[in-house]
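Work through the following exercises with the sequence and the model at hand. Each task is followed by its solution in steps.

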Amino acid sequence: MKNSDNKELQVDAIIDQEHVVDILNRLIFNNTVPHALLFSGIQGIGKRICAKLFAMSCNCFNNIQLSSGDRFCECKSCKKIKHGVSPDVIEISASNSVIKIDAIRDILEILALKPFEARLRFVLIYEADNMTPQACNALLKILEEPPEQTCFILTAVNLSDLPATIISRCRHIRFAPLKDKSIACFLTDKYGVSENEADIISKIAEGSLDNAAMLKDKKSFDYRARLIFELEKITLTPIFTSLFLAEFLFSDKKILKDSLKIIKSWIRDIMIFQLEPDRIINFDFKSGIETAATIYDKKSLYSIIIMIETIEKKLSSGINIRLAIENLFLKIGICR
Ligand SMILES: [Zn+2]
């Protein structure tokens, strides 16, 4: 029962997701909030804050609806939920990427009682796809005989990691990646990132504020420049230098995920440059991209992107990817 919200970007409003807002407001209006909801979608698109704001709207004394953008209400119920002190909103997060059975067992006693003061009690299980099989079973038992006046909201990235028996008991709502423009505005308005940098970051972030968070500070932005500089070198120097670049990436595993996004954006730029030069993301590296566009053919570039996406998938599953990274850079080196 803890809220380990340690995301770098502090989001306190729903960004984009108009269809989600519509569905949820209709549930409140028609008084048909189900026992369990499942919010799915990539990381960093506001599933967690939306769950909390929905709990606020369901219990708001002023009946303030959900909305995209800021939602203001100073009623007692909203304030308590906002500050995480409502006894009727229970938050469960993964600890070390796992939600164990104890976290589910801990709430049984509370669920046996009626809500303390809320019209509707909420159990918010963030990153529910990190539940162990035992935790899933314990939750399934609860969902089979749901407690009164209680709504469970599960958030998840990888639906394949959740048992079908749990998914089928939830009203499933899919969240869309954020628009580039929304991410750029968020970075400039709330974090003072320059428009130029925000524009580039938003395009590399693939619709996720988590990805944008990794790139937003100056150090990361300079790192992007350094990485692209190294990539450009691969296109002009002997093949073995590409292995040095693989080594360089492994010297800091924390930003490996970030690096893959940058490499992908650079490869895409080379593809796009041949068709619409004005639409490239890394426009501050235009001349290098122009050179690379004369060296690589489309088929090779496409196969490199597939390789990167395969590595990205393996990255979240914890499989050793050193060999895959080396192969990627050899491919980038050989294809020229
Ligand atoms: Zn309120």
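Contact means heavy atoms within 4.5 Å. The model is predicted, so local features need pLDDT of at least 70 and side-chain atom pairs count only at pLDDT 80 or more, while totals for chains, interfaces and linings use all residues. Residues are numbered from 1 along each chain as its sequence is written, and side-chain values use heavy atoms, with hydrogens and water left out.

**Exercise 1.** Determine whether Asn-59 is buried or exposed, and list its contacts beyond four places in sequence.

Solution. Start with the element: Asn-59 belongs to helix α2, residues 47-59 (helices are DSSP runs of H or I with at least four residues, strands are runs of E with at least two, and both are numbered from the N terminus). Next, apply the burial cut-offs: buried is under 20% relative accessible area, exposed over 50%, partly exposed in between, with a 1.4 Å probe and protein chains only. Asn-59 is buried because its relative accessibility is 4%. Finally, with neighbours within four places set aside, Asn-59 contacts Ser-77, Ile-81, Ala-118, Arg-119, Leu-120 and Phe-122.

**Exercise 2.** Which residues coordinate the zinc ion, and what is the geometry of the four donor atoms?

Solution. Donors are N, O and S atoms within 2.8 Å of the metal (3.2 Å for Na, K and Ca); water is not among the atoms, so sites may look incomplete. The SG atoms of Cys-60, Cys-73, Cys-75 and Cys-78 coordinate the zinc ion at 2.3 Å. Their sequence spacing is C-x12-C-x1-C-x2-C. Four donors count as tetrahedral if all angles lie between 85 and 135 degrees. The angles at the zinc ion run from 102 to 121°, and the arrangement is therefore tetrahedral.

**Exercise 3.** Identify the buried residues of helix α12 and the helices they pack against.

Solution. Helix α12 covers residues 241-250, where Ser-242, Leu-245, Ala-246, Phe-248, Leu-249 and Phe-250 are buried. Their packing partners are α11 (218-234), α13 (256-273) and α16 (322-334).

**Exercise 4.** How many helices and strands does the protein chain have, and what percentage of its residues is buried?

Solution. The protein chain has 16 helices and five strands. Of its 336 residues, 49% are buried. Among contacts with a separation of 6 or more, 74% join residues 24 or more positions apart. The C-alpha trace spans about 70 × 40 × 30 Å along its principal axes.

Notes: Tetrahedral: all angles 85-135°; square planar, octahedral: opposite > 155°, others 65-115°.
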